[in-house]
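Hi everyone, thanks for coming. Let me put the structure up, and then we can walk through its spaces and its packing together.

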Amino acid sequence: MLSEAGVQLREREYFRDPFTEDELRQVLGDRPASDVFSRRSPSFRKLGLDFESLSDDELVRLMLEEPRLIKRPVVRWGENLVAGSGKAERAAIEAALSGA
């Protein structure tokens, strides 16, 4: 969808090329870390933490320590940020592309 709209994509394998803190915060921009955090991940459930009690800094730290906690894919273009591949995420991309 994005390629067809002329958006150039740069792929990154989180596990082979992990984010630095600065890179992850740059991807987030002014968005909360919870937007890209995979709270349904088995890796998160194993931690036994209460998602609602975690700060943005704690979420970033957890994602840096365990890349499986970052939703996939994370797509950022301009001011747009979409994380995940569900229906809602695809609809958000379509809306952003159409200027809605």
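The lining of the largest pocket is made up of 13 nonpolar, five polar and nine charged residues. For those classes, Ala, Val, Leu, Ile, Met, Phe, Trp, Tyr, Cys and Pro count as nonpolar, Asp, Glu, Lys and Arg as charged, and the others, Gly among them, as polar. Before I go on: this is a predicted model, where local features need pLDDT of at least 70 and side-chain atom pairs count only at pLDDT 80 or more, while totals for chains, interfaces and linings use all residues. Residues are numbered from 1 along each chain as its sequence is written, and side-chain values use heavy atoms, with hydrogens and water left out.

That largest pocket has a volume of about 860 Å³. Lining it are 27 residues, and Arg 10, Glu 11, Val 74, Val 75 and Arg 76 are the closest to its centre. The elements giving two or more residues to this lining are α1 (21–28), β1 (74–77) and α4 (87–98), and β1 gives the most, with four residues. Helices here are DSSP runs of H or I, at least four residues, and strands are runs of E, at least two, numbered from the N terminus.

A word on the terms. We work on a 1 Å grid over the protein atoms alone: a pocket is an open set of points with protein on both sides within 12 Å along at least five of seven lines, a cavity is a set where a 1.4 Å probe fits but cannot get out, and lining residues have an atom within 4 Å of a point. Grid points are joined across faces, edges and corners, and a volume is the space filled by probe spheres set on the points.

The second largest pocket holds about 200 Å³ of space. Its lining consists of Phe 37, Ser 38, Arg 39, Arg 40, Ser 41, Arg 68, Ile 70, Lys 71 and Arg 72; by class, that is two nonpolar, two polar and five charged residues.

And which residues line the largest cavity? They are Tyr 14, Pro 18, Phe 19, Met 63, Leu 64, Pro 67 and Ile 70, which by class gives seven nonpolar, no polar and no charged residues. The space in this cavity is about 40 Å³, and a search of the whole structure finds one cavity of 30 Å³ or more.

Pro 67 sits in the loop between α3 and β1 and counts as buried because its relative accessibility is 13%. By buried I mean under 20% relative accessible area, with exposed over 50% and partly exposed in between, using a 1.4 Å probe and protein chains only. Setting aside neighbours within four places in sequence, Pro 67 is in contact with Tyr 14, Phe 15 and Arg 72, where contact means heavy atoms within 4.5 Å.

Now the helices. In α1 the buried residues are Leu 24, Val 27 and Leu 28. Seen down the axis of α1, they fall within an arc of 100°, so they line one face of the helix; the arc is that of the directions from the helix axis to the C-beta atoms. The face turned away from the buried side of α1 carries the exposed residues Asp 22 and Gln 26. The buried residues of α1 pack against α3 (56–65), β1 and β2 (80–83).

For α3, the buried set is Leu 59, Val 60, Leu 62 and Met 63. Their arc is within 165° down the axis of α3, so they too line one face of the helix. Asp 57 and Glu 65 are exposed on the other side of α3, and its buried residues pack against α1 and α2.

That brings us to the cores. A nonpolar core is a set of buried Ala, Val, Leu, Ile, Met, Phe, Trp, Tyr and Cys residues joined through side-chain atoms within 4.5 Å. The largest one has 19 residues, of which Phe 37 and Met 63 touch the most other members. α1, α3 and β2 each supply at least two residues of this core, and α3 provides the largest share, four residues. There is also a second, separate core of six residues, with Val 7, Val 75, Trp 77 and Ile 93 among them.

Last stop: Phe 51, in the loop between α2 (42–47) and α3. Phe 51 counts as buried because its relative accessibility is 11%. Beyond neighbours within four places in sequence, its contacts are Ser 34, Phe 37, Arg 39, Phe 44 and Leu 59. Thanks, and I'm happy to take questions!
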